[in-house]
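I opened the model to look up a few sites and wrote down what I found. The entries follow in the order in which I made them.

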Amino acid sequence: MRAPVLTCKAFHPHDRYVKKLIALFIALWSLDAVAQTGQAWDARFRAIPEARNVGEYVRIMSARPHHLGSPYGKQNADWILARFKEWGWEGQIENYDVLFPTPKERVVEMVEPSRFRLTLEEPPIAGDPTSSQKQEQLPPFNAYSVDGDVTGPLVYVNYGRPVDYEELDRRGISVKGAIVIARYGASWRGIKPKVAAERGAIGCLIYSDPHDDGYWVDGVFPDGPMRSKDGVQRGSVMDMPTYPGDPTTPGRGSTPGASRLDLKDAATLTKIPVLPISYGDAQPLLAALTGEPAPMDWRGGLPITYRIGPGPARVHMKLAFDWSLKRVNNVIARLQGSAYPDEWVVRGNHHDAWVNGAQDPASGMSAELEEARALGELVKQGWRPKRTNVYAAWDGEEQGLLGSTEWVEHHEAELRDKAAVYINTDGNGRGFLGVAGSHALEPLVNAVAKEIEDPETKTSVWKRMQARAIFIGPQPARNEARSRPDLRIGALGSGSDYSAFLQHAGIPSLNVSFSGLDNSEGIYHSIYDDYYHFTKFQDTDFAYGRALAQTVGSLVIRFADADVLPFQFTSLADTVQTYVGELQAQLRQQQSETKELNQQIEEGVFASIADPRRAPRHKPVVDTVAPSINFAPLENAASALTQASERYKKALDTSKGKLTPEVIRSLNKSVIQSERQLTHESGLPRRSWYRHLLYAPGFYTGYAVKTVPGVREAMEQKDFAEAEREIVRVADALNRETELINGMTKTLEQLAK
Ligand SMILES: [Zn+2]
């Protein structure tokens, strides 16, 4: 269907009265069209995005290195703002001044048993034109490492997780006074120096093992997609599970001139110097370690025998950074709502990269831009979003979600009042649609996924998601994927710009991307994440960029135009019920594992299996079995929430078509506050910035989510008294949610009378 074209020469086009009449006619026509065809506007929207536009935006934004504070980063922000304006949006750039240390000096050398100086460089590759833009590239480093000049024996610590140090303990190996070398993967990189420092290490190297993202997986760049011998993963190591954003302005926007903490009081800097290296640089170091072979699952893909040390290799590390402030350029664009301008649909992706960043972030930022263009086209066709669309292009994401966090902290009061939802993307690939976020949005996500065509298989992206869920399993999940009306969406930990929205301000959020069939991890945060690699190995024709724009744009339109915001609390309640079951199962498992261990100690198992020719292992000691915990408050609150959400669903279904504007306003006011009920002002234990009681990044896993984090992590740390206190806090939050939903049901039931 096409919009009517009004060309009536009898009217003078400048006549205000006539203009009003025309506008009224368009509005009436649009209302009629939507009423007749249901989802008319979002179906029309989906025909507009074009893959070649997505590709052109990627090419432009990734043409030069564009990290926070760089000239091309500023140029990109200006270019993005100009595009929004060209497409009919209002907008401006909002600035913050943030702490971003950049390297002044990087030296790493092995000083014993032989001398070897690490290159610490990624060389240009012939045929890859942007890989040679050395003048503008940030060298490989980890942001928010402290300065340091240290020398010590080297110890290999596998992925550097707490569980890896438990293995070292059993072997009687300490990292006190040592420099540890950990491999990337299995936990977020910032966890590695954090745990190493807690264990007494004085320095930390992180390398990319070919087993995880190199030749063990596929051919290496430029012949294949994977990380080559000299490829290095840059990245932030700030203690993000404590709080993201500028380390010196926790909880408030770092507007120019804002008061800030002294560097020595910034809690999220590392305690020891840390630097990322390539496996080309790591191999001589690892090969110089002696001692027993490392455990089977510690061995990577290098052609050496993996050993732990300590030593005899000794390493000298010297790092110095420029600790000056850099300027964040957030682009914030708006498309004003016609009926509810003070209800906002917020959408964002970051525009800054570590280097050229064609995949991370340009492939996601380009989809957002193509959505913005298409929404502008819809406006030309007569669409007027009921709610205001706020489209953001964040700066400084890579350092620690700086742009989005400072913006949310700065505008928190207004966002809590107005923001109905935040939808995030952060790069895009080829393959399967992946969505995680607030579970009350699960049915909407499923409905939209059924409308989007997979560009390569031509089935719906939902069908493909379902097939994968069945294929991956395990069995209960398989049957659920076959029979449950909605596929489950994941829960959000951290690692992208939704964190401040969801976990600090309590705004319902979604994170969306396609992935699974490219090998983008092979160039992640390196100089080779560029247009050349993306068009050779990833979403080569930008078809999935188009699909991402179609998916997120459809979500935006549904949010912008729904009478009652499309939240389905039965899905939240169902998810909470599964979490309660998981927590109870976790306790049972902890109890049975301890019982089993204690029995093995009694049976003398550890003494009997020891190899008498090897160094003795520290034998485990008898542990106390975890006590029973009172889950009743949580169980009762979860079942009250289940009942309340079912009643609301019924009441809403029966009142379809009867809702008055006042009722709609009142319901939406409550819906906008619904995610907030799941938060607590005082936050999680020992990390008050994180206020959401259902979702948080793990304190010792980093990006990966911990659901019901207060309870789950207390149990993992064996603090069962804290677990019981947290159970009560989570139950209270669920009860507040139930009360809010019951209030909405009451409004609807009164209407029916
Ligand atoms: Zn990113």
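**Arginine 161**

I began with the contacts of arginine 161: leaving out residues up to four places away in sequence, it touches Ala186, Ser187 and Val195 (contact means heavy atoms within 4.5 Å). The model is predicted, so I kept in mind that local features need pLDDT of at least 70, that side-chain atom pairs count only at pLDDT 80 or more, and that totals for chains, interfaces and linings use all residues. Residues are numbered from 1 along each chain as its sequence is written, and side-chain values use heavy atoms, with hydrogens and water left out.

I placed arginine 161 in the loop between strand 5 (148-156) and helix 5 (162-170); helices (H or I, at least four residues) and strands (E, at least two) are DSSP runs, numbered from the N terminus. Arginine 161 is partly exposed, because its relative accessible area is 24% (buried is under 20%, exposed over 50%, partly exposed in between, with a 1.4 Å probe and protein chains only). From arginine 161 to serine 62 I noted 99 residues in sequence and 34 Å in space, C-alpha to C-alpha.

**Positive phi**

I looked up asparagine 158 in the loop between strand 5 and helix 5. Its phi is near 55°, a positive value in a residue other than glycine. Asparagine 158 is buried, at 1% relative accessible area.

Histidine 525 also went into the notebook, with a positive phi near 60°. I found histidine 525 in the loop between strand 16 (509-516) and helix 17 (531-537), buried at 5% relative accessible area.

**Cis peptides**

Most residues other than glycine have a negative phi, and most peptide bonds are trans. I noted a cis bond between glycine 309 and proline 310, with omega about 5°. Proline 310 sits in the loop between helix 8 (279-287) and strand 10 (314-322). Another cis bond joins glycine 473 and proline 474, with omega about -5°; proline 474 is in the loop between helix 14 (461-472) and helix 15 (475-483).

Histidine 350 belongs to strand 12 (residues 340-350) and aspartate 360 to helix 9 (residues 358-380), 10 residues apart.

Histidine 350 is buried at 0% relative accessibility, and aspartate 360 is buried at 8%.

**Glutamine 399**

I found glutamine 399 in helix 10 (residues 397-400). Is glutamine 399 buried or exposed? It counts as buried, because its relative accessibility is 0%. Beyond four places in sequence, I noted its contacts with Leu68, Phe100, Tyr144, Ser236, Met238, Asp352 and Trp354.
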